[in-house]
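Please keep the sequence and the model in view while reading.

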Amino acid sequence: MPMYNITLKEGASPEALSKAKDDAKAQGGEIKHEFTLIKGFTVEFPADRATTLETNEHIHVEQDGTVKTQ
């Protein structure tokens, strides 16, 4: 399953973060990492269900990947 970085937009409440994690787990996701400096987490999630998280206006979903420098 692909991994996705889920970050909450500025101004989102701690309750919104908790709800996003609960929603991800309810949809079959497994949280792999929780961020400490920003409100967010990395979740392993079925590719066909990732769009369900994007329906929340406080969430930004981005597929995890390798970043390279020159």
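Glu34 stands opposite Phe41 in strand S3. This is a predicted model, in which local features need pLDDT of at least 70, side-chain atom pairs count only at pLDDT 80 or more, and totals for chains, interfaces and linings use all residues. Residues are numbered from 1 along each chain as its sequence is written, and side-chain values use heavy atoms, with hydrogens and water left out.

**Terms**
- Helices (H or I, at least four residues) and strands (E, at least two) are DSSP runs, numbered from the N terminus.
- Two strands pair if DSSP finds at least two bridges between them.

**Sheet layout**
- Four strands make up an open sheet in the order S2-S3-S1-S4, with antiparallel pairing.
- Strand S2 (30-34) and strand S4 (59-63) are the edge strands, each of which pairs on one side only.
- From one strand to the next, the twist averages 25°; axes are lines fitted to C-alpha atoms, for helices over the stretch in contact, and angles run from 0 to 180 degrees between N-to-C directions.

**Strand pairs**
- S2 and S3 are antiparallel and share four bridges.
- These two strands form a hairpin, with five residues between them.
- His33 has Thr42 in S3 as its bridge partner.
- S1 and S3 also pair in the antiparallel sense, over five bridges.
- Phe41 in S3 is the bridge partner of Ile6.
- Strand S1 (residues 3-8) runs antiparallel to S4 and is joined to S4 by five bridges.
- Asn5 stands opposite Glu62 in S4.

**Strand S3 and its cover**
- S3 is mostly covered, as five of its five residues are buried (buried means under 20% relative accessible area, exposed over 50%, partly exposed in between, with a 1.4 Å probe and protein chains only).
- In a regular strand the side chains alternate between the two faces of the sheet.
- Gly40, Thr42 and Glu44 point one way from S3, while Phe41 and Val43 point the other way, and all are buried.
- Helix H1 (residues 14-26) lies across S1, S2, strand S3 (40-44) and S4, and runs at about 0° to S3; contact means heavy atoms within 4.5 Å.
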